[in-house]
Amino acid sequence: MATLNVLVGVSLIYVAFLFAVAFAAERSAARGRGSWLRSPLVYTLSLSIYCTAWTFYGAVGYAARSGLEFVTIYLGPSLVMIGWWWGLRKLVRIGRTQRITSVADLISSRYGKSNVLAIVVTVMAVIGVTPYIALQLQSVTTSISIFAGPSHGEDAFNQIGSGLWVAFGLALFTLLFGTRSLNANERHYGVVIAIACEAIVKLIALLAVGVFVVWGLGGGVQETLARIDNSEIGTLQLDRSRWMALTFLSGAAFLCLPRMFQVLVVENDNERQLHIASWAFPIYLMLMSLFVVPIAVMGLDLLPEGSNPDLFVLTVPLAEGREGLAILSFLGGFSSATSMVIVATLALATMVSNHVVMPIWLSTQGEGATVSGDVRSVVILARRASILGIIGLGFFYYRFSGGGAALAAIGLISFVGVAQFLPAMLGGMFWRGATRVGALAGLLCGFSVWVFCLLLPSFGPDVLLSASVFDRGLWGLSWLRPHALFGTAGMDPTVHAFVWSITLNTAALVVGSLMSFPTPLERLQGAQFANVFDRSGETRAWHSSVATSEDLMIMTQRILGADEALQLFRAEAREQGVDGELPDPSPGFLLRLERELAASVGAATAHAMIGQLAGGSNVSVEDLMAVADESAQILEYSNRLEAKSAELARTARQLREANEKLTALSVQKDAFLGQISHELRTPMTSIRSFSEILRDTDGLTAAEKTRYASIIHGEAIRLTRLLDDLLDLSVLENGQVSLNIEQGNLSELLDKAIVTTEAGGKKGLDIQRRRLDEVVQITTDLDRLGQVFINLITNAQKYCDAAAPKLVIQVVDEGPNLAVAFTDNGTPIPQSARTVIFEKFSRINDKDGSGAGLGLSICREIMSRLGGDISYHPVSDGNCFVVHLPPAEAMAAQ
Amino acid sequence: MTETVRPSVFLERRSYRLRRLMDALRVLPVAGLMLWMFPLFWPIEASEDVPLRSLSEAVIYVFVIWFLLIAAGAILWFALDGRSAVPRARAEPDDD
């Protein structure tokens with residue numbers, strides 16, 4: 001009993017020491033002096049939570065029962081660590097870039113942030129790990145009872161009571177150091193450093209017992225080896241299937257166990273830690289297993305028949321009277337148990353609170369993330385409640401299972417359970433085609449096989465599964481026997497369950513993935529995970545049409561806390577170059593924010609919360625472009641180029657046309673200048689010569705004088721008309737013309753124009769009109785409009801080359817407006833000239849050279865001043881000019 | 001416009017050695033697995049020519065391989081870490 005009191009005292013001092021170390025580490029990290037906490041050594045030591053009480057005590061028992069087989073439990077993890085380049089490197093990188101908080105978060109995040117998957121994984125993990133936690137409690141209480149001594153009986157030592165105290169202490173530690181920072185992605189320095197200390201203690205304890213056994217009791221290495229060969233497990237009895245399967249199983253469990261994922265991936269700070277741990281952690285494992293066989297052999301030799309081989313680590317030193325060594329050994333086992341329970345509980349609590357409690361709480365809030373109130377406190381509360389719940393669950397499992405079963409058995413059952421995550425994990429990391437449906441099918445399939453073939457039978461016949469199921473199979477189907485699925489009788493139960501569950505799990509994953517079609521988000525995440533080394537950059541962009549910075553700020557404050565949120569937003573605003581504290585809700589910022597939140601509440605919840613604010617968590621076309629192969633992007637780019645080049649070609653053609661027109665105009669202008677000089681010169685010459693005759697010639701008759709003067713007068717008139725036209729056009733073009741608006745009758749206007757032209761020109765043009773249509777009152781500048789009519793009629797007189805020239809004048813009703821069409825029966829204007837007939841100086845078909853080519857230009861200018869238009873329409877045997885009268889001025893006839 | 005830079009077929013001596021070191025790192029777990037699975041070929045039933053292996057032999061076999069794997073892993077890591085800046089750069093925390 002004295003030993004027991006010493007033991008309790010030492011344990012309390014040890015626990016106080018752990019609390020102090022954890023506090024010191026947290027303080028040092030808070031002051032920014034925690035860089036040593038991130039050293040690869042601490043990381044490597046924290047991985048040692050793989051070695052639980054099951055491996056501390058149980059490995060020796062295992063060796064005593066099955067010889068060398070115990071070592072497979074260490075070989076698998078050693079291979080995984082040494083082969084870090086294949087898988088761990090990628091896993092850790094994904095964990096960091098995606099801010100993964102747990103195994104459930106990893107699988108949910110990979111398969112489209114599906115909360116269903118997260119819940120399934122969480123439930124499976126809780127079912128798989130709770131017995132394991134119970135096992136740790138049992139190992140502590142059992143080892144304490146050894147010190148109590150058999151002579152005191154059951155009354156002297158209350159195992160259940162001490163189990164309760166241990167559970168309480170563990171819960172307290174986990175609550176204190178596990179929920180200090182809400183962000184699960186931040187390092188739990190206190191926890192990690194305490195685990196590292198415990199790792200050293202358990203290694204030293206086991207090595208000390210081993211050294212004592214080999215050199216103290218065995219008398220040296222050679223003698224110990226001889227003793228090993230002479231013992232009852234002296235020859236190698238290798239169960240081949242178990243040797244192979246357990247190596248794979250332990251490797252798989254090393255990756256999948258929630259607590260291992262927590263220290264391997266979540267607590268990882270940089271990849272250098274992993275590089276060094278890749279060879280340093282196998283050293284730890286090797287040292288932990290180095291003395292297992294000697295201790296087991298010594299225990300079998302020294303201790304009486306029937307003593308529990310699981311406790312040889314304690315009972316051998318005790319039997320030799322080395323109580324100090326026994327207490328050190330107890331502390332080693334205590335460390336193994338407590339560190340495992342702390343981290344496993346922390347990992348499970350994160351999963352439960354993020355994937356079960358928070359989604360339920362958010363959905364009961366109705367308005368979701370936008371309601372007021374502090375989510376932060378809810379998350380912390382949820383996590384604390386989860387911690388208590390899980391430790392409580394472990395305690396009750398221990399309480400009601402009653403202990404007793406061989407320690408190693410529960411450990412292996414738990415391993416096979418969590419190994420079911422492996423296909424979904426590896427499939428998600430290496431195969432882009434793995435889908436949510438496939439992952440769900442695989443997990444459920446593997447989990448059911450595990451429950452039916454390993455978990456339920458482990459309680460024995462007629463406890464949870466009736467004996468008839470063992471003998472004849474489920475529902476009497478002989479191929480559904482738990483230890484001989486599909487007729488594979490004779491296999492070791494653990495190997496049988498492991499092989500079948502993993503095989504069916506993988507098969508379901510592959511078939512389910514091949515047959516289903518992933519959502520866009522799944523495809524994006526799949527590409528992100530599988531190609532994490534190619535593009536660790538952006539995932540998919542939020543389209544912040546709805547989200548305002550204020551809303552985001554409020555939500556972030558409620559999850560991260562006011563100070564952290566403010567810092568985050570300020571830093572982002574600085575980066576964006578925005579004044580003040582609120583950055584623009586750019587897609588990049590939303591993405592970063594989602595990752596930050598994901599570290600606190602898990603990817604699925606964070607995605608949903610941002611989705612509520614940013615509006616529509618749908619994936620846009622741009623996102624799909626990112627998923628699509630690069631070729632699609634190149635295609636799109638070349639399409640854009642093509643469109644641009646077509647546009648350029650169009651512009652070039654327009655430029656070319658404009659240039660042609662300009663050139664033609666320039667040629668016309670030159671021709672006209674020549675023409676007009678000639679036009680001006682001819683009358684001037686005759687005026688000069690006749691005026692010289694009048695001046696110099698004496699004796700002219702009166703008739704001659706009159707004739708010459710008339711000629712001079714006629715030429716002067718011609719010059720004046722030409723200059724008038726030019727002046728008219730220049731006035732019109734410069735917009736200096738003043739309009740004289742009055743009311744008149746269209747018919748009368750046409751009459752006047754025809755009379756004017758007939759008075760001045762040749763006769764012979766047959767003008768046809770429909771006077772009835774022409775009785776229309778119009779309000780416009782009648783003189784100007786008349787000028788247009790006169791021009792058009794004169795043109796027809798001049799240029800109509802038909803044998804019987806004819807001009808048809810029609811009034812056309814163009815909806816609201818009126819138009820007057822002048823159609824003659826002359827030779828149509830050639831196609832090439834049509835574009836320039838309304839230009840200045842353009843003269844087509846000018847036989848006598850009397851025109852200056854200004855008539856139609858003047859017409860067009862006048863009509864545009866009046867608000868109307870004039871256009872040319874080719875007809876089959878003539879030309880048609882249409883004068884579109886301005887709309888407001890044309891009024892219906894009375 | 002989109003030029004894809006094709007990596008050249010031949011590497012300079014330094015990067016060539018680096019790649020082969022990485023290859024060795026990749027091969028290591030495969031070699032370890034094969035060696036540790038080798039006891040599967042050991043006899044189960046004792047016969048006159050081939051006696052059963054003793055437990056001590058098996059223990060020494062497993063631990064020697066273990067030691068060699070760790071040594072090889074550590075040596076390769078030191079070689080990679082010292083030789084090139086590449087793994088070091090990768091080792092830097094690159095949080096966004």
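A residue is termed buried if 20 or more other C-beta atoms lie within 10 Å of its own, exposed if 12 or fewer do so, and partly exposed in between, with C-beta atoms placed from the backbone. By this criterion, buried residues make up 46% of the 894 residues in chain A. The structure is a predicted model, in which local features need pLDDT of at least 70 and side-chain atom pairs count only at pLDDT 80 or more, whereas totals for chains, interfaces and linings use all residues. Residues are numbered from 1 along each chain as its sequence is written, and chains are lettered from A and ligands numbered from 1 in the order in which they are written.

Chain A contains 37 helices and 10 strands, these being DSSP runs numbered from the N terminus (helices, H or I, at least four residues; strands, E, at least two). Two residues are taken to be in contact if their C-beta atoms, placed from the backbone, lie within 7 Å. Of the contacts in chain A with a separation of 6 or more, 80% involve residues 24 or more positions apart.

A nonpolar core is defined as a set of buried Ala, Val, Leu, Ile, Met, Phe, Trp, Tyr and Cys residues joined through C-beta atoms within 7 Å. The largest such core comprises 191 residues, of which Ile107(A), Val121(A), Cys256(A), Ile295(A) and Ala419(A) touch the most other members. Beyond its neighbours within four places in sequence, Cys256(A) contacts Val103(A), Val418(A), Ala419(A), Phe421(A), Leu422(A) and Met425(A). Another core, of 31 residues, lies apart from it and includes Leu746(A), Leu749(A), Leu785(A) and Met863(A).

Five strands of chain A form an open sheet of mixed pairing in the order 4-6-7-9-8, two strands being paired if DSSP finds at least two bridges between them. Strand 4 (766-769) and strand 8 (869-875) of chain A are the edge strands, each pairing on one side only. Strand 4 of chain A pairs with strand 6 (residues 806-814) of chain A in the parallel sense over 4 bridges, and Ile767(A) stands opposite Leu807(A) in strand 6 of chain A. Helix 35 (residues 782-799) of chain A lies across strand 6, strand 7 (817-824) and strand 9 (878-884) of chain A, at about 20° to strand 7 of chain A. Angles run from 0 to 180 degrees between N-to-C directions, and axes are lines fitted to C-alpha atoms, for helices over the stretch in contact. Helix 37 (residues 855-866) of chain A lies across strand 8 and strand 9 of chain A, running at about 130° to strand 8 of chain A.

Elsewhere in chain A, the axes of helix 14 (residues 258-266) and helix 18 (residues 323-364) come within 8 Å and cross at roughly 90°. Helix 14 of chain A is therefore roughly perpendicular to helix 18 of chain A, a term applied to angles of 65 to 115 degrees. Among the residues that meet are Phe261(A) and Val263(A) in helix 14 of chain A and Met340(A) and Leu348(A) in helix 18 of chain A.

Lys113(A) is located in the loop between helix 7 (103-110) and helix 8 (115-148) of chain A. Its phi is near 50°, a positive value in a residue other than glycine. Lys113(A) is buried, with 26 other C-beta atoms within 10 Å.

Between the chains, 32 residues of chain B are in contact with 34 residues of chain A. Helix 2 of chain B gives the most to the side of chain B that touches chain A, with 12 residues.

Definitions and conventions:
Angles under 35 degrees count as roughly parallel, over 145 as roughly antiparallel, 65 to 115 as roughly perpendicular and the rest as oblique.
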